[in-house]
Amino acid sequence: MQRKGRVCKEFAQRKLHTAVELLKKQTEEAWELKYEEGKKTANWKEKTHYQRMCIEMEFEKLHEFLNEEEERLLRKLRKEEKETLKQLHGNIIKLSEQRSSLQKLITEIEEKCQQPAAVLLKDVKDTLTRSENIQVQEPEAVFTELKNVYNIPSIDIIDILRKFKVDVTLDPDTAHPNLVLSEDRRSVTHRGMRQELPSNPERFDPYIMVLGSRRFTSGRCYWEVEVGDKVEWDIGVCRESVGRKGQVILSPSNGFWRVWLRNGDKYKALISHPTPLTVSVRPSRVGIFLDYKAGEISFYNVTDRTHLYSYSGAFYGVLRPFFSPGLHRGGENTAPLTIYSKYLG
C-alpha cells in the first residue's frame, strides 16, 4: 500500500509539474502578448498625438491667416470710409454755411420791412440785388458706392498660402554633375551621363540634388514644385551650411527637412526614422510653406489641396530650398521637377 501510495504521489507530482510548466509557458505567452499590445498602444498614441498636432497647427495657421486677412480688409474699409466721410462732412459744412448766410439775409430783409418808409427805401435796391444774386451751391458729388471689393476668403489653405508665394530658381553652382538645369533655371532633370563640371565646394556630390537660389532668414514663404508622374523625387528645405560632399543622413538634425517619393507610391518624411505618409490622391504638384519665425516647414498636396506633413522646431542661419529629381532609372524617371513661378502660375 505504501509503495502504491508513493507511485500515485510521484505520478501526481509529475502531472502537477507538467501543469506548472505549461502554465509558466502560457504566462510567458501572455506577457509577450501584453508587451506587444503595449507597443501597439504606444504607437497608436504616437500616431494620434502627431495627427492632433497637425490638426492644431493647420487650424492655428488658418486662424492666423484669416485674422490677418480680416484686419487687412477692415483696414482697407476704414480707409475708404474715412475718405468718403471727409468729403461728405465737407459738403455738410459748406451747406450749413450757405444756410446760415441765407438765414442772415432773411432776417435782415424782415427787419427792413418793419422800418419807416424813408429808411426802408434808402438801400432797398442793394438788398434786393443781393437777395436776387444768391444761389444755393450744389454739394460736391461724392460717390457713395464701395470702390473696393471686400471678398471674404473661403477656407482653402492653398489659396491662402499662395499669398506668400515667392519666385524660386535653381542655383547651377550647387547642382550634382548628373543634373541638367533648364535655361530658365526652373526645371531639373537627372541624366545618365556625368557632366564635366568644376568640383567647387558648393556642388553636391554624391547626393543628386540642387539648391534654390533663394535664401531665407526670416518671414513666411511658399513655392510649388511640379512632380508630375515621376516615380522618385525628393524636395524640401535645408540649411545653407549643410555638407555638400561625402555621406550624411539627410535628417532635421543635420539640417534637412524633406518629403520624398520612392517606387512610385511610397511617400515618406524623416524625423529620427523614415515616416510613411498616407496619401489618398497622388500629388502632381507639391507646395512647400516655410514660416521661419514659427519654426515650421509644411508640405501640401496641391492636387487635392490637402496637408501632407509638417516639421516644427527652431531655425537658425540661412535656409534654402532643395530639389532632387531622383535617379534616371533607365528611362523610367526622366521627367523633370519644375518650380512654378509666381508670375507664370
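This is a predicted model: local features need pLDDT of at least 70, side-chain atom pairs count only at pLDDT 80 or more; totals for chains, interfaces and linings use all residues.

Modeller: Residues are numbered from 1 along each chain, and side-chain values use heavy atoms, without hydrogens or water.

Biologist: In what order do the strands of the open sheet lie?

Modeller: Strands of a sheet pair through backbone hydrogen bonds, either parallel or antiparallel. Here 6 strands form an open sheet in the order β3-β12-β5-β6-β7-β8, with antiparallel pairing. β3 (210–211) and β8 are the edge strands, each pairing on one side only. Strands are DSSP runs of E of at least two residues, helices runs of H or I of at least four, and two strands pair if DSSP finds at least two bridges between them.

Biologist: Is Arg258 buried or exposed?

Modeller: Arg258, in strand β6 (residues 256–262), is buried because its relative accessibility is 7%; buried means under 20%, exposed over 50%, and partly exposed in between, with a 1.4 Å probe and protein chains only. Its side chain makes a polar contact of 2.6 Å with that of Asp234 (N or O atoms within 3.5 Å, one able to donate a hydrogen and the other to accept it; sequence neighbours count only if both atoms are side-chain atoms).

Biologist: Which element gives the most to the lining of the largest pocket?

Modeller: Rolling a probe the size of a water molecule over the atoms shows where empty space is left. A pocket is an open set of points on a 1 Å grid where a 1.4 Å probe fits, with protein on both sides within 12 Å along at least five of seven lines; lining residues have an atom within 4 Å of a point. α1 gives the most, with 9 residues, and the lining has 20 residues.
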